[in-house]
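Hi there,

Have a look at it first, then read on.

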Amino acid sequence: MARLVTLTTCQWADMDFETLCKTAKEMGYDGLEIACWGNNLDPHRAATDPEYVKFIKDTLDKYGLQCKALATHIIGQCVGDYNDPRLNNFAPAELADKPAEIRAWATQTMKDAAVAAKNLGVHIITGFVGSPIWKYLYSFPQTTEEMIAAGYQEIYDLWCPILDVMKENDCVFALEVHPGEIAFDYYSTKRLLQKFADRPEFGLNFDPSHLIWQGIKPELFLTDFIDRVYHVHMKDAAVTLDGRSGLLGSHIDFGDLRRGWNFRSLGHGDVKFEEIIRVLNAYGYDGPLSVEWEDSGMERIAGATEACAFVRKVDFAKSDFAFDSAIAN
C-alpha cells in the first residue's frame with residue numbers, strides 16, 4: 001500500500017481550517033500535518049476544549065483527510081532561542097520584547113500541543129527546538145568546546161520537561177534538522193541524538209531540502225539516522241552557485257535568483273527522491289510523506305498540486321519478489 005501523502009500546512013496558516021481542508025483535498029492530498037499557529041490549529045484550545053477538538057475531527061472527516069502529525073516549528077523555536085527580536089513575530093503580540101515570558105509561553109504551548117495531539121489521536125509532533133549557540137556557527141571570535149557543550153546541555157534541560165508531557169500523552173517529537181537549530185547538519189545531529197539517547201520520545205523529522213545545499217547526501221543522512229526518523233518531509237532545493245553566489249545566502253531573500261540556492265517545488269531541484277524512497281522501503285518506514293511546499297517562483301496552488309502528484313509517482317512499493325527467482329532451477 002502506498003504511503004499517505006500529506007500537506008504540511010505551515011505555509012498555509014493564512015487559511016481558516018475548513019478552507020485549508022477543502023483546498024488540500026482539491027489538490028489531491030490524503031491528509032494534513034497541521035500547523036499549530038495562525039488560522040489552522042490553536043493548540044491550547046485543542047488541549048482544553050472538546051467542542052473545538054470535535055470541530056477539527058469533523059472537518060477532517062468531511063473532506064476525507066487524516067492527520068498524522070502536528071507542526072510546532074515557530075513555537076519550539078521560542079523555547080531554545082532567547083532574547084532575539086525576531087521571536088516577536090512568533091509569540092503573542094503582548095509578549096513582544098519579553099524574552100523570559102516568550103520562553104515560558106512557548107514551553108507551555110509545546111506541552112499543550114502534546115495534550116492536543118492525544119485528543120486528536122495524533123502521535124507525532126514535528127518542529128524546531130531553537131539554539132542558544134547558532135550565533136557561534138563560524139568559530140570567530142574563538143568558540144570553545146565548553147561553550148558548545150553548554151548549548152547542548154541547555155537544550156536538553158529545556159526540552160526534557162516538554163518530552164515528559166509528550167511521553168505522558170503517547171506522542172513523540174520529531175526535530176526538523178535545519179539551519180538555526182542546534183542540529184543543522186550531519187555531525188550536529190549525531191551529537192544531539194547522543195545527548196538525547198535516554199529520551200526515545202526525541203527523534204527526527206527528515207527533510208532533505210535543508211541538507212542538499214550543504215553538500216550532505218540526504219539518503220546517507222536518512223540511512224544513518226533511520227532508527228530515530230519518526231516523520232518525513234518531501235521538499236526540494238536547487239543549488240545554483242554561479243561563481244558569485246555563496247551557500248550562506250548573502251542576506252538575500254529566498255526566491256532571488258542571485259542566491260546560491262533556493263527551495264524549489266518537488267521535482268524542480270536537486271534532491272534524488274528515488275534514493276530516499278529506496279531507503280525508506282529498505283527500513284520499513286510506512287508513515288506519511290508530508291509535502292512542505294516552498295517555491296518563491298511558483299504559484300502555490302499549482303505547485304502544491306503538482307507536488308502531490310510527484311510524490312505519488314515516486315513512492316514506489318518495495319518488491320516482495322526476487323527478480324531472479326523465476327530463473328532458479
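**What I found**

Tyr29 touches Val5, Thr6, Leu7, Ala24, Leu65, Val291, Ala304, Ala307, Cys308 and Arg312, leaving aside residues up to four places away in sequence; contact here means heavy atoms within 4.5 Å. Before going further, please note that this is a predicted model, where local features need pLDDT of at least 70, side-chain atom pairs count only at pLDDT 80 or more, and totals for chains, interfaces and linings use all residues. Residues are numbered from 1 along each chain as its sequence is written, and side-chain values use heavy atoms, with hydrogens and water left out.

**The core**

Tyr29 is also one of the residues with the most contacts inside the largest nonpolar core, along with Leu32, Leu70, Trp159 and Phe173; this core has 101 residues. A nonpolar core is a set of buried Ala, Val, Leu, Ile, Met, Phe, Trp, Tyr and Cys residues joined through side-chain atoms within 4.5 Å. Buried means under 20% relative accessible area, exposed over 50%, and partly exposed in between (1.4 Å probe, protein chains only). Helix H6 gives the most to this core, with eleven residues. Helices (H or I, at least four residues) and strands (E, at least two) are DSSP runs, numbered from the N terminus.

Helix H4 (residues 73-80) is mostly covered, with eight of its eight residues buried.

**Aromatic rings**

Rings of Phe, Tyr and Trp (its six-membered ring) pair if their centres lie within 6.5 Å; planes under 30 degrees apart count as stacked, over 60 as edge-to-face and the rest as tilted. By this rule there are 17 aromatic pairs. In one of them, the ring centres of Trp159 and Phe173 are 4.9 Å apart and the planes are at 35°, so the pair is tilted. This pair links distant parts of the chain, with Trp159 in helix H6 (residues 145-168) and Phe173 in strand S5 (residues 172-176), 14 residues apart. Both Trp159 and Phe173 are buried. Phe196 and Phe202 make a stacked pair, 4.1 Å centre to centre with 10° between the planes, and both of these residues are buried as well.

**A buried threonine**

Thr8 lies in strand S1 (residues 5-8) and is buried, with a relative accessible area of 0%. Its side chain makes a polar contact with the side chain of Glu33 (2.9 Å). A polar contact is a pair of N or O atoms within 3.5 Å; within protein, one must be able to donate a hydrogen and the other to accept it, and residues adjacent in sequence count only if both atoms are side-chain atoms.

**Backbone notes**

Most residues other than glycine have a negative phi, and most peptide bonds are trans. A cis peptide bond joins Phe140 and Pro141, with omega about -5°. Asn83 has a positive phi, near 55°, and is exposed at 59% relative accessible area. For Asp170 phi is near 60°, and this residue is exposed too, at 53%.

Best wishes
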